[in-house]
Amino acid sequence: MTQTIVIARYNPELDEKPHQETYQVQSDDNTSVLDALQQVQQQDPSFSFRWSCRMAICGSCGVMVNGVPKLGCQTFLRDYPVGLVITPLSNFAVEKDLIVNMEPFLEHLSAIKPWLINTAEGTQPHVQTPKQLAKYQQFANCINCGLCYSACPQFGLNPEFRGPAALALAHRYNLDSRDQGKAQRMPELNAKNGVWTCTFVGFCSEVCPKKVDPAAAINQGKVESAKDMIVSAFKPTGAR
Amino acid sequence: MNNGTKQPKRSDEPIWWALFSAGGVCFAVLIPGVLLSLAVLYPLGLISAEMLSYERIHFMVFEAFFGLAGLAFVGAAICLPLFHAVHRIHHGLHDLQWAHGPVAKVICYGAAILMSAIALGLWIF
Ligand code: SF4
Ligand code: FES
């Protein structure tokens with residue numbers, strides 16, 4: 001059957017500001033938003049959007065569907081019988097059509113040092129028990145899609161906020177038994193733009209396609225940061 | 001933007017957040033019981049006036065547990081819930097973009113500190 005979709009269009013070289021256009025696409029029970037966008041691109045080759053894997057792994061196809069952040073490849077037209085309005089991810093600058101500038105998000109990610117920090121010498125593997133793995137595994141499933149940043153009203157108000165995915169990733173490495181970098185990451189968590197900008201709205205966890213639950217990670221991070229403050233109060237100033 | 005080259009300043013938010021959390025527990029656990037007994041059951045006559053007699057309340061507030069029961073009650077039913085409430089107001093003002101920055105903060109938490117001091121003062125004197 002034919003379905004009508006409305007898409008936000010913006011060409012920075014021609015348009016003063018974004019506007020919406022209506023398209024007709026063919027859809028059945030298996031048609032995803034990404035499929036529909038590809039049909040639109042065949043009608044109008046100048047239409048731009050990001051995608052790669054088509055299977056909710058690469059995290060590049062995030063868009064707003066009727067105002068809610070979604071992965072295009074994991075969202076189906078059959079669930080929107082009254083129609084869809086597709087706009088670029090909120091809280092990011094639009095570059096063209098549905099493409100946003102993800103640079104601020106990537107900067108926040110790298111600021112929390114999202115890698116194993118371990119100074120141990122040698123070639124031995126770092127073994128880990130299933131119990132040690134279970135501590136952080138949920139928080140390790142992030143695909144860096146950025147949907148949680150579009151869902152977060154605090155990131156919308158304050159783009160300097162490190163944000164859900166970055167803080168969840170910091171928590172993931174802090175919980176990893178092979179990691180020794182917690183002391184290096186805590187200053188970022190302890191800061192105003194770290195965990196303390198979060199007011200536990202929780203929409204990030206609702207929209208996360210990988211059930212990472214960044215809101216839980218951030219609020220566990222608040223407990224860690226509060227503990228860190230108490231510990232630091234008993235240390236000489238130079239050691240803080 | 002800071003990429004870990006220089007360390008950002010530690011936020012003082014853990015203090016307010018801890019008071020907010022403690023106040024939230026009091027709000028959830030203690031306040032409903034207090035309201036039920038003082039504002040519902042008592043006016044309905046389901047608690048005898050005897051239970052809230054001056055002598056009994058005076059004993060509970062100033063003498064029970066070496067007088068600490070009154071202190072605990074003032075802290076848990078007034079002071080901590082106050083900090084809980086102003087924390088919500090403070091963040092609400094920021095979320096609505098009506099006020100943020102140090103002035104709003106001083107007014108909000110200052111109000112909680114002042115009202116707590118009055119409540120504790122009434123208990124002490
Ligand atoms: S936490 Fe979830 S919503 Fe946020 S970037 Fe990772 S996968 Fe996407
Ligand atoms: S195309 Fe890779 S996540 Fe949707």
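Let me start with a term: a residue is buried when its relative accessible area is under 20%, exposed when over 50%, and partly exposed in between, using a 1.4 Å probe and the protein chains only. Take His171(A). Its relative accessible area is 4%, so His171(A) is buried.

Now some ground rules. This is a predicted model, where local features need pLDDT of at least 70, side-chain atom pairs count only at pLDDT 80 or more, and totals for chains, interfaces and linings use all residues. Residues are numbered from 1 along each chain as its sequence is written, chains are lettered from A and ligands numbered from 1 in the order in which they are written, and side-chain values use heavy atoms, leaving out hydrogens and water.

Chain A comes next. Chain A has nine helices and seven strands. Along the principal axes, the C-alpha atoms of chain A fill a box of roughly 65 × 40 × 30 Å. Of its 240 residues, 48% are buried. Chain A exposes about 12000 Å², and carbon and sulfur atoms supply 54% of that. Areas come from the Shrake-Rupley method with a 1.4 Å probe, and for residues only the protein chains shown count as cover.

On to contacts, meaning heavy atoms within 4.5 Å. In chain A, take the contacts between residues at least 6 apart in sequence: 62% of them join residues at least 24 apart.

Back to His171(A). This histidine lies in helix H6, residues 164-174. What does His171(A) contact, leaving aside its neighbours within four places in sequence? The partners are Phe139(A), Ala217(A), Gln220(A) and Gly221(A).

Next, Lys222(A). Lys222(A) sits in helix H9, residues 214-233. Is Lys222(A) buried or exposed? Buried, at 4% relative accessibility. Setting aside neighbours within four places in sequence, its contacts include Val195(A), Trp196(A) and, from chain B, Trp17(B). Thr119(A) is 103 residues away along the chain, and the two C-alpha atoms are separated by 27 Å.

Thr197(A) is in the loop between helix H7 (182-190) and helix H8 (203-207). At 10% relative accessibility, Thr197(A) is buried too. Beyond its neighbours within four places in sequence, Thr197(A) touches Gln154(A), Asn158(A), Phe161(A) and Lys192(A).

Most residues other than glycine have a negative phi. Lys211(A) has a positive phi of about 55°, and it is not a glycine. Asp213(A) also shows a positive phi, near 60°. Lys211(A) is in the loop between H8 and H9, and Asp213(A) is in that loop as well. Lys211(A) is exposed, with a relative accessible area of 64%. Asp213(A) is partly exposed at 28%.

Now the ligand. Which residues surround ligand 1? Among them are Cys142(A), Cys145(A), Cys148(A) and Cys208(A), along with Ile143(A), Leu147(A), Pro209(A) and Val212(A). A residue counts as near if one of its heavy atoms lies within 4 Å. The shell has nine nonpolar residues, two polar and no charged ones. In this scheme Ala, Val, Leu, Ile, Met, Phe, Trp, Tyr, Cys and Pro are nonpolar, Asp, Glu, Lys and Arg are charged, and the others, Gly among them, are polar.

What about disulfides? A disulfide is a covalent bond between the sulfur atoms of two cysteines. Cys152(A) is buried, at 11% relative accessibility. Cys145(A), from the ligand shell, is buried at 8%.

Last, chain B. Chain B has four helices and zero strands. From the N terminus, the order is α-α-α-α. Its radius of gyration is 19 Å, well over the 14 Å that the globule rule gives for 125 residues, so chain B is more spread out than a compact globule. That radius is taken over C-alpha atoms, and the rule is 2.2 Å times the number of residues to the power 0.38. The C-alpha box is roughly 65 × 30 × 25 Å along the principal axes. Buried residues make up 30% of chain B. Chain B exposes about 8100 Å², with 76% supplied by carbon and sulfur atoms.

Conventions. Helix = DSSP H or I, 4+ residues; strand = E, 2+ residues; numbered from the N terminus.
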